[in-house]
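Could you walk me through this model in my viewer, one selection at a time? I'd like to know what to pick next and what I will find there.

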Amino acid sequence: MNISELIGEMTLREKIGQLCQVQPNGRDQEHRVRDGMVGSLINVTGDDAYFYQSQAVEHSRLKIPLLLGRDVIHGFNTIFPIPLGQAASFDPRAVRTAAAIAAREANSAGVNWTFSPMLDVSRDPRWGRVAEGFGEDPYLVSLYGRAMIEGYQSEKIAACAKHFVGYGASEGGRDYSEASIPPRQLHDVYLRPFREAVDAGVLTVMSAFTDLDGVPCTGNAALIRDLLKIRMGFGGLVVSDWNSVTEMITHGFAGDEANAAFHALAAGIDMEMASNSFLDHLENMIAGGEVPLEWIDAAVRRVLEVKQRLGLFDEPYGPERTGIAANDALFNARSLAHKSCVLLKNEATLPLGEGIRRLAVIGPLADAAADQLGCWVFDADHNRTRTVLSGLRERLGDVRVDYVAGLPHSRSNDEAGIPHAIEAACRADAVVLCLGEDADLSGEAHCRAHIGLPGAQQRLLEAIAGTGKPIVTVLMAGRPLVLGPVIERSGAVLLAWHPGSMGGVAITDILFGEEPGGRLPMSLPRSVGQVPVYYNHKNTGRPPDQKGPAIPAGTPLDPSGFVATYIDEDHRPLFPFGYGLSYTDFTYSDILLSTDRMPADGQLKASVLVTNTGNKTGNEVVQLYVRDLVGSVTRPVRELKDFQRISLAPGESRRVEFEVEASDLAFCDIRFRQAVEPGEYRLWIGPNSASGPDILFRIE
Ligand code: BGC
């Protein structure tokens, strides 16, 4: 298909049509599609998707195929852990596979465009959308973004890097709020995953709702047109977010719909989602000379090129897809859930021995099939969902498992069921207590000011703890929660996030000995007052702990120290980024460098000896962090640069080696250049962001 020739044949109205994405109500857009007045539909699947595509490619004048968009965020029929849980896997390859499976399933239902991955670096767990992203670290977010993009696009559905940009910094963790991000931080932290996404060949980008320093992102020409399209070289299409074009009126940035359409198009938005300002106003504005035709042509070209790159002109219904193996999808969902679960505490309570004769399974999330799937789930095959209760019953048999929900749902304050839960606990050898958040406590527009356990769940936990039985608390949640009181009262705590279709069996596997593989992609705060708390912060002139996080947990801090902390709260998170236990113990020693000096375009090798000192084979995520000690601008106290997942047998030692490229240490310097600076650096290799042996080197 020659795109220039096609554009040459199009009427102005057909061109404007390509810039519109609409959500049909049933088949009410049939005529508009036949008239060539729609470029994309959102939220149509199955027969409706087939119907609309056929109207476009068989009955419209120019037979231009439709982009059929859907929020396929963490699976389609088979649901994988929420993206934040996937991030805990520290396994981008597994995430890529999950995305490819989701794409196959979605594409077989007619979807050829997913609004994923969400690349908003997020450091405020109050924000409901932390569930949809990959956490607080720009490097990790970038890796997973690339993995998902490759996974989706390898299966012929377009990925969408969203939300461009800064949505994760919404003030106070309130959705849709304004964000203020200093330019250097914007460059190093928030833009980085989008640079990677462009490099990975992402076909589409979505603008954010956010008012970033006074300009709504959807109308921000400096960001979309100049930075994303020209400087970063993004060649795909930019879609607005839902109504974000006309919301510029409410922001106080556009006077009316025509003005909003003007701002969006001028900024580089190629397709308007949901609202109709392009359809209703662009034609007149062109006639009046307010909008140049070249703007429309440039946007149409991008839309058509994405369709071409997806192969839609040749295969508008997607490739023939036969035999999508549910078993394969479920196997991968189970294995990704194993890797996503983070073991936070284990006082020798786990794994449960086969000697358990009777188990009490308690809690509102033990058998909550829909809730364990998490947010943004529209197309799940609910027959595939396995809860913790079903997993445990299958393993132990019905007779040995006593189930009492205790509370009707996670937010409930109805304590009538607690006495039954206590009775079940008293009869059991151990209790598996499933607590946390319902699915609809996270996701878009679901922010929380109080991020402890909702409802009467803590009281349920206290009551069960009162029985003196060993308690394994399994937490399902869409965000980092404040967990101090949960940790205190439980023998073991497993953070499973919202683990998806196979969550229940994966958790059962872990309770009985399969290794929990997750490491925290966000710091877990001690209290909401600490938020935002993230590992890669700056040192300040008065750091609370000059030696970094080496103070043993529980040491009282001097409140009169005139340092950067609270007088009534520790400055450290409850659990740091990168943290997660396994069923064995590891030690780190003997850190070595191939050289302690490297040129600004060179590389070095760093290695450490990791030993499994426990008595089980175990998995470890070995993490490498670097700090630039003196820069032309101040640098974070640590930054993750690489990691490896290894497995060691009891007593086994392995030297784990990394290559560090000097170019990986570049940042936005005092003159706003991406530069590697000479000077002294500290490098750590350890099990998380707050420990591990360190060594110094220089860049010359
Ligand atoms: C969200 C996007 C989503 C879109 C389409 C918006 O409200 O912000 O992330 O892709 O809706 O459903």
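Start by selecting helices α7 and α9: in this predicted model, α7 passes α9 in a right-handed crossing. For α7, highlight residues 138-154, and for α9, residues 192-199. The two pack at an angle of about 25°, and their axes lie 8 Å apart. Angles under 35 degrees count as roughly parallel, so α7 is roughly parallel to α9.

Now show the side chains where these helices meet. On the α7 side, pick Pro-138, Tyr-139, Val-141, Ser-142, Arg-146 and Ile-149. On the α9 side, the contact is made by Arg-192, Pro-193, Glu-196, Ala-197 and Asp-199.

Next, move on to Glu-155, in the loop between α7 and β5 (160-164). Is Glu-155 buried or exposed? Its relative accessible area is 16%, and buried means under 20%, so Glu-155 counts as buried. To see what surrounds Glu-155, select Ala-100, Ala-103, Arg-104, Asn-107 and Arg-321; these are its contacts once neighbours within four places in sequence are left aside.

Select β17, β19 and β22, which are 3 strands forming an open sheet in the order β17-β19-β22, with antiparallel pairing. Which strands sit at the edges? They are β17 (586-593) and β22 (653-661), each pairing on one side only. Turn the view to follow the twist, which averages 25° from one strand to the next.

Zoom in on β19 (residues 603-612) and its partner β22: they pair in the antiparallel sense over 9 bridges. A handy place to look is Thr-611, which stands opposite Ser-653 in β22.

For the last stop, select Ile-591 in strand β17. At 12% relative accessibility, Ile-591 counts as buried. Draw a C-alpha to C-alpha distance from Ile-591 to Ala-606: the two are 15 residues apart in sequence and 7.4 Å apart in space. Finally, display what Ile-591 touches, not counting residues up to four places away in sequence. Ser-607 and Val-608 are among these contacts. So are Leu-683, Trp-684 and Ile-685, together with Pro-693, Asp-694 and Ile-695.

Terms used. Residues numbered from 1 in each chain as written. Predicted model: local features only at pLDDT ≥ 70, side-chain atom pairs only at ≥ 80, totals over all residues. Heavy atoms only, no water. Axes fitted to C-alpha atoms, helices over the stretch in contact; angles between N-to-C directions. Helix = DSSP H or I, 4+ residues; strand = E, 2+ residues; numbered from the N terminus. Parallel < 35°, antiparallel > 145°, perpendicular 65-115°, else oblique. Left-handed = near helix turned anticlockwise from the far one by under 90°. Contact = heavy atoms within 4.5 Å. Pairing = 2+ DSSP bridges. Buried < 20%, exposed > 50% of the residue type's maximum accessible area, 1.4 Å probe, protein only.
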